[in-house]
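Student: I am new to this structure and would be grateful for a guided introduction. May we begin once it is in view?

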Amino acid sequence: MEKILIIDDNNDICLLLERFLGKQGYKTASVQRGEDGLVLLRKESFELVICDFKLPDIDGLEMLRRIKVMHPTTAVIIITGYSDVRVAVQTVKHGAYDYVTKPLYPDEILYTIKGALERRSQSLTQPATTTASPAKATSTRAAGNKGSLAPDGKRFIFGKSRVAEQLQKHIDLIAPTDMSVIITGETGTGKEFVANAIHLKSKRADKSFVAIDCGALSKELAGSELFGHVKGAFTGAMSDKAGSFEFANGGTLFLDEIGNLSYDNQIKLLRVLQERKIRRIGSNQDIAVDVRIIVATNEDLREAVRQGRFREDIYHRIDEFEIHLSPLRERKADIMIFAEHFLELANRQLEKDILGFDDEAKEKLKEYYWHGNLRELQNVVKRAVLLTSGDYVEADVLPHEIITPQYFAPDDTAGNVQVSFDPARPGVPVMSQSAANLKSVSENAERVAILKVLEKTGYNKTKAAEVLNIDRKTLYNKLKAYDIHL
Ligand SMILES: Nc1ncnc2c1ncn2[C@@H]1O[C@H](COP(=O)(O)OP(=O)(O)OP(=O)(O)O)[C@@H](O)[C@H]1O
């Protein structure tokens, strides 16, 4: 019988899950603090851990890290509030199987649990594939001739907005060349998908596409992941190991979050870019590699260069062509195209036959801000499909945040933001205005909100961007647009 550990400070959730999962034939245990969970995990192993992201003592990312150190094969599912989705996404990049948002729905959690356990048993029985970063191991694949298929066999959708047309042109233009590409854009805008599309349209398509998330690798691990090592190069290097450059030889190497590479590894990367040779850590032998480099970042690399965090020489070598992916909220004409595509995927995964979205649901999807871009839209659609019993997805199965967008009071330009609350949902701000000029209303409110957060964070832009749930680049653009000088 498979064992599941539930870690959540809400006793009701623990009890409900224990009862429900017990009925489904699983053996369960539950604790309310992270530390208690780790104590239990030291004594016994579980096939699966369901862990709340916000525990009173340890945060979800740290819990995940510690669980994976103790039991690398244990599957982990993170429970999160909707407002934490962006950080929960990080846990998936760091090895969680998936996350589920509150409120929890039995069908959804059961579906996710089954998927996690299935993936776990597959990974135990199948020999390891060429390894990449643990966080993006699934992205490491010999792409083969998959035509227009993107990572994991999913179809690449372009859309019909002006920026989508331009993106298609750029991909077609750059793919056949061997030029390096920088892809910029907020999280979830499809940077890895675009990198893969470029690879699949290139003459390297029948060789490997290897994706490495530099943000998820420790400084020590990154060197070995990228360049490999020889036995005895450092404590724990039990045997020779090839790195991603060797795995990607002849193909494409996608370096996500390149800005996070340590200075040492930047120097090694520069050498590959200049000489097309790598040296495994601890070795004195050069290995020639022929790899096309595509990098992605959601920070402003030029700014990182200005601040001395990223080497200018590398920047110029990889900046042969830049593709910027707009946030989904700025590609409104594409939202329903992607939503319909994700609906098809969800129908297939969940074995359902939902026909589409009703008008109100469409409106809500088009109006929403989409902090997590395509990834967030995909999750929202999947959940909505799961919860829909009729033929069409209706607005009431969408998350509350999408049905009731947050607005600030219209004439509040003095920094005194007033927000009203829905009595049924204390704590959730709701619209409190009838605006003649909605654009200027929302711009004013946005400006005020940015100023307030900057004030609260002591004018620390990185922290402010985090609180505002936008990336730094977007914050910089907004500061410029609103004429805020710091
Ligand atoms: N063009 C596309 N067609 C279909 N699905 C897409 C497309 N682009 C992105 N997606 C979906 O959105 C999800 C997020 O895409 P991706 O991982 O490429 O984003 P990203 O910008 O690399 O994110 P991050 O910055 O967080 O690494 C993918 O899992 C995929 O399902």
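Tutor: Helices, of at least four residues, and strands, of at least two, are DSSP runs numbered from the N terminus. Please note that the model is predicted.

Student: How many helices and strands does the protein chain have?

Tutor: Counting such runs gives the secondary structure of the protein chain. The totals are 19 helices and 17 strands.

Student: Is D52 buried or exposed?

Tutor: A residue is buried if 20 or more other C-beta atoms lie within 10 Å of its own. D52 has 24 other C-beta atoms within 10 Å, and therefore D52 is buried.

Student: Which residues does D52 touch, not counting residues up to four places away in sequence?

Tutor: Sequence neighbours up to four places away are set aside here. The residues that D52 then touches are I7, D8, D9 and I79.

Student: Which helices each supply at least two residues of the shell around the ligand?

Tutor: The shell draws at least three residues from each of domain 2 (134-325) and domain 3 (328-403). The helices in question span residues 191-200 and 373-387. They are α7 and α15.

Student: Which of the 18 residues around the ligand come nearest?

Tutor: By class, the shell has 5 nonpolar, 8 polar and 5 charged residues. Those that come nearest to the ligand are G190, K191, E192, F193 and L374.

Definitions and conventions. Residues are numbered from 1 along each chain as its sequence is written. This is a predicted model: local features need pLDDT of at least 70, side-chain atom pairs count only at pLDDT 80 or more; totals for chains, interfaces and linings use all residues. A residue is near a molecule or strand if its C-beta atom, placed from the backbone, lies within 6 Å of it. Ala, Val, Leu, Ile, Met, Phe, Trp, Tyr, Cys and Pro count as nonpolar, Asp, Glu, Lys and Arg as charged, and the others, Gly among them, as polar. Domain bounds come from an automatic or database domain assignment. A residue is buried if 20 or more other C-beta atoms lie within 10 Å of its own, exposed if 12 or fewer, and partly exposed in between; C-beta atoms are placed from the backbone. Two residues are in contact if their C-beta atoms, placed from the backbone, lie within 7 Å.
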